[in-house]
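Open the model in your viewer and keep the selection panel at hand. The stops below go chain by chain.

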Amino acid sequence: MEYEAVIGLEVHAQLQTNSKAFCSCSTKFGSKPNHNTCPICQGMPGVLPVLNKKALEFTVRMAVACNCAINEISRFARKNYYYPDLPKNYQISQYELPVAEHGWVDIAIGDQSRRIGITRIHMEEDAGKLIHDDKRPVSYVDLNRTGSPLIEIVSEPEIRTSEEAAAYLRHLRAILMYLNICDGNMEEGSFRCDANVSLRPKSESKLGVKAEVKNMNSFRNVQRALDYEIERQTAELTAGGRIIQETRLFDPAAGVTSSMRSKEQAHDYRYFPDPDLPPLRIPPELIEKVKSEAPELPSQKKERFINELGIPPYDAGVLTVSRQLAEYFERVVELFPHPKQVGNWIMTEFLRAMKGTEEPDLTCCPVSPEQLADMLKLIENGAISGKIAKTVFEEMFATGKSASEIIKAKGLTQVSDAGAITEIINKILDDNPAELEKYLGGKVQLKGFFVGQIMKASKGKANPGLVNKMLDEELKKRAC
Amino acid sequence: MNLYEYTAAQLRDMLKKHKVSSKELTQAVLKRIGNVENKVHAYVTIDADRALAMAEAADKRIKSGNAGPLTGIPIAVKDNMCVKGQRTTCGSKILNNFIPPYDATVVGLLKEAGMVILGSANMDEFAMGSSTETSYWGPTKNPWDLERIPGGSSGGSAAAVAAGEAILALGSDTGGSIRLPAAFCGVTGMKPTYGAVSRYGLVAYASSLDQIGPLCSDAVDAALLLDLILGHDPKDSTSAPRSYEPCVNYLNKSVNGLTLGIPKEFFNKLDNPETSTAIEDAKSEYEKLGVKFVELSLPHVDYGIAAYYVIAPSEASSNLARYDGVKYGLRARDFGGMIDMYCQTRAEGFGDEVKRRIMLGTYALSSGYYDAYYLKAAKIRTLITQDFHNAFNNCDAIFCPTAPSPAFKIGEKMNDPIQMYLTDVFTIPVNMAGLPGISIQAGLSSDGLPIGMQLIAPHFEETRLILLASAFQQVTDHHTKKASL
């Protein structure tokens with residue numbers, strides 16, 4: 001029997017607010033353990049939570065970007081479970097009445113578009129971290145992250161393959177980053193994902209028994225884990241076995257998932273409305289404000305690049321992966337209005353120089369959009385050749401200097417002086433009488449040889465267009 | 001008359017006129033504590049040095065002429081309100097070494113007002129009880145009869161005021177914990193509207209019901225203390241963002257023409273003749289003042305106790321989860337692994353009543369039972385609130401006894417939780433509806449025990465309760481009677 005995978009993803013995104021979700025402690029990463037804490041996030045007796053308004057606004061931004069219906073009244077709930085990194089032993093989350101529900105995003109799979117439903121987006125607080133002593137049987141608790149604001153984005157079980165899952169995750173992450181509400185760092189855990197995976201016979205609509213897969217901290221691992229899990233479940237079902245509802249952990253080193261706990265061992269979180277936080281009324285003015293301030297999203301930008309700037313779809317996809325890169329591109333185009341040429345440069349030399357990372361961090365890019373535009377202008381007005389420009393660009397990247405500075409210092413200015421070029425042409429033709437004779441005898445391929453010699457003699461600085469034109473004229477003259 | 005026998009209002013005038021200093025007053029109260037505390041056991045923690053230092057600071061402030069109405073007045077706070085740098089135990093072993101790094105909002109207000117904080121008053125463990133017998137530190141005795149309980153859970157606060165061990169006290173009330181001990185100890189005690197006094201720094205028992213309020217000699221003192229503590233606190237999301245009219249403006253007003261409602265469901269349950277008599281006498285006094293009485297019905301209050309014992313324990317089971325031995329408070333000495341540390345710490349640290357309520361609440365919130373218990377109780381709560389709302393269409397306030405009978409004997413109900421729970425039958429519905437309620441003394445039983453009466457007003461009508469209580473106290477002298485120790 002042929003099976004179809006049914007995948008639903010739960011994404012946790014840490015919101016980039018300055019302070020925590022329910023107290024005023026800093027959310028800065030990398031502080032000394034327990035430095036960013038106060039009685040509230042330490043869960044001291046008697047403390048009370050007060051919602052960070054910015055966290056709510058950020059959540060509404062994501063809800064709007066994901067086409068969700070925003071609940072006028074939503075509620076915080078307590079999720080009760082014991083763990084030392086959770087000082088109150090309950091997490092403030094949402095259960096019934098999340099901030100937003102019933103949304104969708106369109107993702108691109110190759111040149112196809114797929115709509116994935118978003119079940120809900122809710123707010124919650126993050127837990128802290130346990131650090132285990134590797135010499136003694138002791139664990140330490142760091143509460144710096146405790147109480148940081150998170151949103152959980154739950155998809156409908158509409159994802160069918162690991163490729164779709166990865167595309168969906170990249171898409172969500174790009175939206176979060178375009179909205180400036182999450183740094184998207186998967187290694188540091190500010191963007192993390194759990195997957196619910198089940199199989200069903202291809203023609204069937206009823207859902208099979210699902211396994212929840214955790215601990216996938218990169219796009220690649222999400223794909224590996226899902227591929228493994230689909231394969232495992234297929235093998236199990238094909239062999240006549242049954243899937244049991246359980247939580248499984250992905251082991252990135254071994255590339256396998258293994259059972260963490262079964263349904264029977266699953267926590268009963270005893271959700272109930274948090275009596276410390278009254279029902280949350282989301283003012284329509286906030287939603288209006290968020291809508292009016294909404295930035296162009298990656299899919300919208302991509303469409304515009306294709307339709308208005310004539311960028312090929314694939315390139316438009318690459319250029320809009322991150323808001324930073326897209327904005328860099330747009331700034332260069334503003335100064336040098338030849339989008340295709342700019343796109344080519346960014347897609348090739350630029351991204352190569354940025355070490356080929358999928359998502360270059362442009363905050364430390366040594367070449368400003370203004371400098372790149374200046375360099376492209378120098379190519380256009382013939383001051384340097386495209387070939388020399390590559391050398392110049394490498395130098396710009398290494399030193400942060402402007403193109404004209406480098407050209408001047410290295411004497412790379414293109415020679416467009418007709419007199420100087422005529423002199424070189426005549427010298428090369430005179431120095432190679434045998435080749436000239438063969439050329440004049442009909443072996444026209446030898447023109448390339450002369451061009452090469454001339455460029456070499458000019459140390460590459462001669463304007464290639466001019467060399468070609470003037471060489472043709474001189475050869476014609478000599479043929480007479 | 002001894003200094004500790006005066007009311008705060010009287011002492012305010014004496015302090016202002018420099019007839020007495022806050023230091024002399026505080027010394028007199030501390031001396032009184034020294035004399036009777038071993039009999040009453042109203043306190044968990046007394047900090048005499050700090051109290052004297054605060055008194056000296058208050059005297060300077062009085063001298064410099066920028067004293068407030070309560071500057072220099074000694075006060076006791078219930079042991080569940082965080083006092084920065086002072087052990088705050090909530091009457092529990094599990095917090096026996098907990099020293100808060102911060103002040104509760106109300107404690108901060110007392111300090112700003114220049115009041116003298118004597119220490120923390122005894123209470124039922126985590127405010128779970130009606131007798132102050134569940135305290136890890138042992139029971140508080142009723143100053144009127146040392147073999148009897150003072151009521152609970154703010155028994156220490158009420159007993160301290162009744163015994164002259166404090167001029168004023170703060171208590172907290174989740175199901176009657178201010179009003180019941182006020183009734184049993186013959187003092188005036190008010191539970192304000194839910195959301196009127198900040199809960200920030202009040203160690204939570206049942207967050208949707210807990211409310212801080214005053215325990216004192218009379219309605220005048222209650223008004224003074226209420227005017228200090230009523231107010232919006234941005235640190236408490238359940239605090240109402242509103243302003244409050246001063247209660248002291250309602251101390252000398254007429255009650256002529258007001259209507260008090262008599263809920264038949266409450267009076268049908270009254271089987272203690274002495275309580276009935278005291279309540280009837282009080283009713284006559286009000287009638288002389290021109291107050292009309294109207295019988296009415298609160299059809300759902302009979303479900304109040306049942307619903308309370310689902311909601312309060314549910315919230316408590318979550319609120320008390322943080323006491324796990326990891327961060328502060330008690331940690332069991334012997335354990336094998338993390339889970340066992342949780343188990344041993346909580347087994348050793350909590351008393352029976354707290355464990356009983358944690359188990360009740362955990363059960364009620366469990367998957368598969370939530371709808372049948374928690375959700376149903378929440379619906380009953382809404383119905384009770386509606387009952388009161390409807391009742392207030394026909395009256396200005398509700399009048400009833402505070403408790404079915406006067407204070408019972410120590411140990412009498414400790415092995416019968418249901419009987420203990422029924423003590424709160426008249427007070428619990430008020431918390432369920434979030435209303436303000438006041439208990440004042442209505443008389444004494446034949447064996448000399450105080451009997452309390454309760455007045456209940458619509459939301460945020462604390463001033464109406466002060467008006468009614470002070471009008472009654474102006475024409476009666478029950479509230480001036482003191483326990484003889």
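What follows is a tour of a predicted model, with something to select at each stop.

**Stop 1: chain A as a whole**

A compact globule of 480 residues would have a radius of gyration near 23 Å, whereas chain A has 30 Å. Colour by burial next. In chain A, 39% of the 480 residues count as buried. Then look at how the chain folds back on itself. Take the chain A contacts between residues at least 6 apart in sequence: 69% of them join residues at least 24 apart.

**Stop 2: a helix pair in chain A**

Select residues 162–178 of chain A, which form helix α2, and residues 219–238, which form helix α3. How do these two helices run relative to each other? Their axes come within 9 Å and cross at roughly 150 degrees. An angle over 145 degrees counts as roughly antiparallel, and α2(A) and α3(A) are therefore roughly antiparallel. The crossing of α2(A) and α3(A) is right-handed.

Now show the side chains at the contact. From α2(A), pick Ser162(A), Ala165(A), Ala166(A), Leu169(A) and Arg170(A). From α3(A), pick Phe219(A), Val222(A), Gln223(A), Leu226(A) and Asp227(A). Colour these contact residues by class: six are nonpolar, two polar and two charged.

**Stop 3**

Step back to Pro157(A). This residue sits in the loop between β10 (149–155) and α2 of chain A. Is Pro157(A) buried or partly exposed? Pro157(A) has 19 C-beta neighbours inside 10 Å. A residue needs 20 or more to be buried, so Pro157(A) counts as partly exposed.

Which residues touch Pro157(A), beyond those within four places in sequence? Select Val6(A), Ile7(A), Gly8(A), Asn196(A) and Leu207(A). For a sense of scale, draw a distance from Pro157(A) to Asn463(A). The two are 306 residues apart along the chain, and their C-alpha atoms are separated by 60 Å.

**Stop 4: two asparagines with positive phi**

Most residues other than glycine have a negative phi. The next two selections have a positive one.

Go to Asn89(A), in the loop between β4 (77–80) and β5 (90–93) of chain A. Its phi is near 60 degrees. Asn89(A) is buried, with 21 other C-beta atoms within 10 Å.

Then go to Asn215(A). This one lies in a strand, β12 (residues 211–216) of chain A. Phi of Asn215(A) is about 70 degrees. With 16 other C-beta atoms within 10 Å, Asn215(A) is partly exposed.

**Stop 5: where the chains touch**

Show both chains and select the residues in contact. Chain A supplies 26 residues and chain B supplies 36 residues. On the chain A side, 16 are nonpolar, five polar and five charged.

**Stop 6: chain B as a whole**

Chain B has 16 helices and 11 strands. Its radius of gyration is 21 Å, close to the 23 Å that the globule rule gives for 485 residues, so chain B is as compact as a globular protein of that length. Along the principal axes, its C-alpha atoms fill a box of roughly 65 × 50 × 45 Å. Colour by burial again: 62% of the 485 residues in chain B are buried. Of the chain B contacts with a separation of 6 or more, 76% come from residues 24 or more positions apart.

**Stop 7: a helix pair in chain B**

Select α7 (residues 219–229) and α16 (residues 462–475) of chain B. The axes come within 9 Å and cross at roughly 155 degrees. α7(B) and α16(B) are therefore roughly antiparallel.

Show the residues that meet. On α7(B) they are Ala219(B), Val220(B), Ala222(B), Ala223(B) and Leu226(B). On α16(B) they are Glu462(B), Ile466(B), Ala469(B), Ser470(B) and Gln473(B). By class, this contact has seven nonpolar, two polar and one charged.

**Stop 8: a cis peptide bond**

Finish at Ser153(B), in the loop between β3 (116–121) and α5 (155–162) of chain B. Most peptide bonds are trans. The bond from Gly152(B) to Ser153(B) is cis, with omega near 10 degrees.

Conventions: Residues numbered from 1 in each chain as written. Chains lettered and ligands numbered in written order. Predicted model: local features only at pLDDT ≥ 70, side-chain atom pairs only at ≥ 80, totals over all residues. Contact = placed C-beta atoms within 7 Å. Nonpolar A, V, L, I, M, F, W, Y, C, P; charged D, E, K, R; others polar. Axes fitted to C-alpha atoms, helices over the stretch in contact; angles between N-to-C directions. Helix = DSSP H or I, 4+ residues; strand = E, 2+ residues; numbered from the N terminus. Parallel < 35°, antiparallel > 145°, perpendicular 65-115°, else oblique. Left-handed = near helix turned anticlockwise from the far one by under 90°. Rg over C-alpha atoms; globule rule 2.2 N^0.38 Å. Buried ≥ 20, exposed ≤ 12 C-beta atoms within 10 Å, placed from the backbone.
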